[in-house]
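Please look over the model below before reading on. The report that accompanies it takes up a pocket, a strand and some charged pairs in turn.

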Amino acid sequence: MIRDLKLRQLRLLVALDDARKLQLAAERLNITQSAASKMLAEIEAVARVPLFERTARGVEPTEYGAILVRGGRSVLADLDQVTDEFAGYKSGELGTVSVGTVARACADLVIDVMQYLGNKLDRVNISLDVSTSPPLVERLLALEFDFVIARIPAGVDPGQFDYHEIGAEEAALLVRAEHPLACRDSVDLAEMIDLQWICQPRESFLRQALERLFYSRGVTPPRRVINTESFFASIGIAAGIDAIVPVPMLVFDLVDPQRFKRLRIKDQLMLESYGLMKLRKRKLSPAAMLVFDAMLRLGVPNGAPASGSRSG
């Protein structure tokens, strides 16, 4: 029966889903390809349905396989959490907390939480990743984070999360000091259509906000665009060429004001609200709950400890 599957079998299913090649999955588990093939056959015999389809490129999970992979990830993530928590208590720590956050919250809220918790953090090991919302939420769903501070991407069911809104965020248009528009008192959007831009990909919230701003003024969005998720790469390129880079105000505030300027436009470039969120059906460890409650109390308007959390 499915409930009798062993951990090593679940690890194989997850490794196959990640690698999509039997040989690579076997290498991740330090077993031979023939052993991995035999183990997969044993799992499919228990399930009584095919779990992976063999293709020219490797393997693809069937619908039944996707169900077991999802369940396997959850079981293995819970086991990792228990292992970390157990080891933490033995060493005098509460455990490890894995947090993902957009840039704005990283600077403001994390500092406030560290000051608020003070010596309590001496027993907590925090892992902090800063990125954009789509990969953060994707990794939260893959159980790689305990919780994230992000925006819920389009197409993702918000009912999966306990979500607590924090607020909106302003962005700026950054250029190097030598850019022809840098010293202008005011720049019209129409003047920037054919100039060089460096932007995040179209699925990002910042890119969508930029294009909405252009369309709201009856102007076609920029045509000449270099796409990159990295703000640091964007700024590095913009330091050497005349390009416009949309960045959150937090990022703009960190750059050298002698080297970079903010273009003055009539409208504010605002990003959608972001919030603190965790998976609704997943219980947090004591260490994760400690940090989550602090972020809820300090970052969310009228915030309260998670025991009184709302969802949305």
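What follows is a short account of a predicted model.

**The largest pocket**

The largest pocket has a volume of about 560 Å³, and 20 residues line it, with R70, S74, L141, L143 and L279 lying nearest its centre. By class, this lining is made up of 7 nonpolar, 4 polar and 9 charged residues. Helix 4, which spans residues 63–90, gives the most to the lining, with 7 residues. Because domain 1 (2–71) and domain 2 (93–168 + 273–299) both give residues to the lining, the largest pocket lies between them.

**Strand 5 and its partners**

Strand 5 (residues 147–150) is covered on both faces, with F147 and I149 buried on one side and V148 and A150 buried on the other. Strand 5 pairs with strand 3 (residues 95–101) in the parallel sense over 3 bridges, and here F147 is the bridge partner of V99. With strand 11 (residues 269–279), strand 5 runs antiparallel, again joined by 3 bridges, and I149 stands opposite L276 of that strand.

**Salt bridges**

Side chains of opposite charge can pair when their charged atoms come close.

| Salt bridge | N to O distance |
|---|---|
| R73 and D17 | 2.9 Å |
| R28 and D18 | 3.8 Å |
| R207 and E211 | 3.2 Å |

In the salt bridge between R73 and D17, R73 lies in helix 4 and D17 in helix 1 (residues 7–19), so the pair ties together parts that are 56 residues apart in sequence.

R28 is exposed, its relative accessible area being 52%, while D18 counts as partly exposed at 40% relative accessibility.

The salt bridge between R207 and E211 is set within helix 7 (residues 205–216), where the two residues are 4 residues apart, about one turn of the helix. Both R207 and E211 are buried.

Which residues are linked in a network of salt bridges? The network consists of D17, D18, R20, R28, E60 and R73.

Note on methods:
Residues are numbered from 1 along each chain as its sequence is written. This is a predicted model: local features need pLDDT of at least 70, side-chain atom pairs count only at pLDDT 80 or more; totals for chains, interfaces and linings use all residues. Side-chain values use heavy atoms; hydrogens and water are left out. On a 1 Å grid over the protein atoms alone, a cavity is a set of points where a 1.4 Å probe fits but cannot get out, and a pocket is an open set with protein on both sides within 12 Å along at least five of seven lines; lining residues have an atom within 4 Å of a point. Grid points are joined across faces, edges and corners, and a volume is the space filled by probe spheres set on the points. Ala, Val, Leu, Ile, Met, Phe, Trp, Tyr, Cys and Pro count as nonpolar, Asp, Glu, Lys and Arg as charged, and the others, Gly among them, as polar. Domain bounds come from an automatic or database domain assignment. Buried means under 20% relative accessible area, exposed over 50%, partly exposed in between (1.4 Å probe, protein chains only). Two strands pair if DSSP finds at least two bridges between them. A salt bridge is a side-chain nitrogen of Lys or Arg within 4 Å of a carboxyl oxygen of Asp or Glu.
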